[in-house]
Amino acid sequence: MLLKHLHTCYRCLYTCKITELPVSISKICNYLQIKIVRNSDLPVTSQLQPNQKGACVFHNNEKYIILRDTETKSVQRFTAAHEIGHILLRHLPSNTITSTQEIEAEYFALCLLMPPCIIAKLKHLTTTELCNICQCPINMYIRYIDMYNKLPTTGRHANVCITKFKIFLEQYNN
């Protein structure tokens with residue numbers, strides 16, 4: 001099941017013409033016609049619950065991702081990628097998201113921000129350096145590191161991504 005989600009992530013990257021790290025969340029949202037809304041810009045009655053970092057909302061055939069803008073940039077990026085995961089994995093629109101779907105969306109977000117096929121091509125990075133380059137929260141990488149390290153870094157979709165990232169990889173590794 002998670003391999004299918006990894007392929008969805010890779011397809012998202014190359015379809016949205018992502019060619020470098022950090023992955024551009026705004027470019028993906030523009031391509032997918034998703035609008036990002038800052039929580040602080042909403043009326044108090046429409047804001048996120050205190051325990052929420054973000055949410056995806058469908059309104060009048062439009063897709064919105066609401067982000068808690070008091071969070072760090074890396075957390076906001078991860079949250080947006082998580083919500084994109086819910087959309088592309090077809091968890092939404094639904095009134096209830098299962099715990100399995102939440103894990104799938106977190107896994108998708110990590111793979112979107114840190115594509116395994118691209119990370120495997122980067123030369124000798126510490127965990128901190130890797131998370132800094134990808135602008136991904138280190139705690140999310142550490143939470144899923146065992147599963148992440150078992151992911152395949154080759155295959156049809158991975159190879160398309162590697163081709164799209166070729167210039168970035170050449171520049172970064174030289």
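Here is a short walk through the sheet and the helices of this predicted model.

Before you click, note that residues count from 1 along each chain as its sequence is written. Local features need pLDDT of at least 70, side-chain atom pairs count only at pLDDT 80 or more, totals for chains, interfaces and linings use all residues, and side-chain values use heavy atoms, without hydrogens and water.

Select 34–38 (E1), 54–59 (E2) and 62–67 (E3). Strands here are DSSP E runs of at least two residues, helices H or I runs of at least four, numbered from the N terminus. These three strands make an open, mixed sheet in the order E1-E3-E2, where pairing takes at least two DSSP bridges. E1 and E2 are the edge strands, each pairing on one side only. E1 and E3 run parallel, joined by five bridges. Zoom in on Val37 and you'll find Ile66 of E3 opposite.

Contact means heavy atoms within 4.5 Å; axes are lines fitted to C-alpha atoms, for helices over the stretch in contact, with angles from 0 to 180 degrees between N-to-C directions.

**Stop three: H1 and H4.** Select 2–15 (H1) and 99–113 (H4): their axes come within 9 Å and cross at roughly 45°. Show side chains, and Leu2, Leu6 and Leu13 are among the H1 residues meeting H4, whose partners include Tyr107 and Phe108.
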